[in-house]
Amino acid sequence: MKNGFFPAVFLLALMTSGQALAARQDLVLSPVNTQARLHARSALTDIDGSFGDVSGTLTYDLDRQTCHVDMTMNVNSLKVGSAVMKQIMLSGIMLDSDSHPVMRYAGDCRPKITKGQLQTELAGQLTMRGQTHPLVFTTELQFQGNTLMRIVSRGTFDQRQWGVSTLLHSVNPMVKVETIILMK
């Protein structure tokens, strides 16, 4: 009986571990499946930008409804409306791409109940211009059946925390950001 017990327990453990792995999705982030956008307001115009070069990883656990994101954005890949605006944005008084060529966000999403409604937030740290500060996003998980198809995260931060200039108060310090990750 002892000889038959070990193989049965071993097979049960394998089957159980396979089920746990099936509930987890791992994704390599790239420009094909990830968009990182920003929006700022200035006295002259609104500034909309997106990063053309993003990389990183996402791990999503269906059973726990949690995820971990580690994303890097190449600052020089920022696309904005004009070459002049891009030059200003990449300059030492703004994103300072020469000294700080990458931005990084690492965080964990988790479910929370707000006023009786299930919501998800992505809480982590944004490193920009060599400084790291907390940044929390509201996050929408979009499913098809039990399969996660898309994660949309939105947040707002005060760029002055990272030492970004407001160009003598001509740029609103509050910047809106949005990240869209397609699970493909």
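# Strands, core and charged pairs in a predicted model

Colleague: T72 stands opposite R104 in β7. Over how many bridges do β5 and strand β7 pair?

Modeller: This is a predicted model, in which local features need pLDDT of at least 70 and side-chain atom pairs count only at pLDDT 80 or more, while totals for chains, interfaces and linings use all residues. Residues are numbered from 1 along each chain as its sequence is written, and side-chain values use heavy atoms, with hydrogens and water left out. Strands are DSSP runs (E, at least two residues) numbered from the N terminus, and two of them pair if DSSP finds at least two bridges between them. For β5 and β7 (residues 102–114) the sense is antiparallel, and the number of bridges is eight.

Colleague: Which strands stand at the edges of the sheet?

Modeller: The open sheet has 11 strands with antiparallel pairing, in the order β1-β4-β5-β7-β8-β9-β10-β11-β2-β3-β6. Two strands have a single partner each, so one side of each is left without a neighbour in the sheet; these are β1 (24–29) and β6 (78–79).

Colleague: What residue in β5 is the bridge partner of Y60?

Modeller: Strand β4 (residues 54–61) and β5 pair in the antiparallel sense over eight bridges. Their hairpin has four residues between the strands, and Q65 takes a positive phi near 55 degrees there. The bridge partner of Y60 in β5 is C67.

Colleague: What is the angle between the planes of F157 and W162?

Modeller: Rings of Phe, Tyr and Trp (its six-membered ring) pair if their centres lie within 6.5 Å, and planes under 30 degrees apart count as stacked, over 60 as edge-to-face and the rest as tilted. A search of the whole structure finds three aromatic pairs. F157, at 7% relative accessibility, counts as buried, as does W162 at 0%. Their pair is edge-to-face, with 5.0 Å from centre to centre and an angle of 75 degrees.

Colleague: How many residues apart are E178 and R37?

Modeller: E178 and R37 form a salt bridge whose closest N and O atoms are 3.0 Å apart, the rule being a side-chain nitrogen of Lys or Arg within 4 Å of a carboxyl oxygen of Asp or Glu. This pair links distant parts of the chain, since E178 lies in strand β11 (residues 174–182) and R37 in strand β2 (residues 34–41), at a separation in residues of 141.

Colleague: Is E121 buried or exposed?

Modeller: The side chains of E121 and R110 meet in a salt bridge at 3.0 Å, N to O. R110, at 37% relative accessibility, counts as partly exposed. For E121 the value is 15%, so this residue counts as buried.

Note on methods
Buried means under 20% relative accessible area, exposed over 50%, partly exposed in between (1.4 Å probe, protein chains only).
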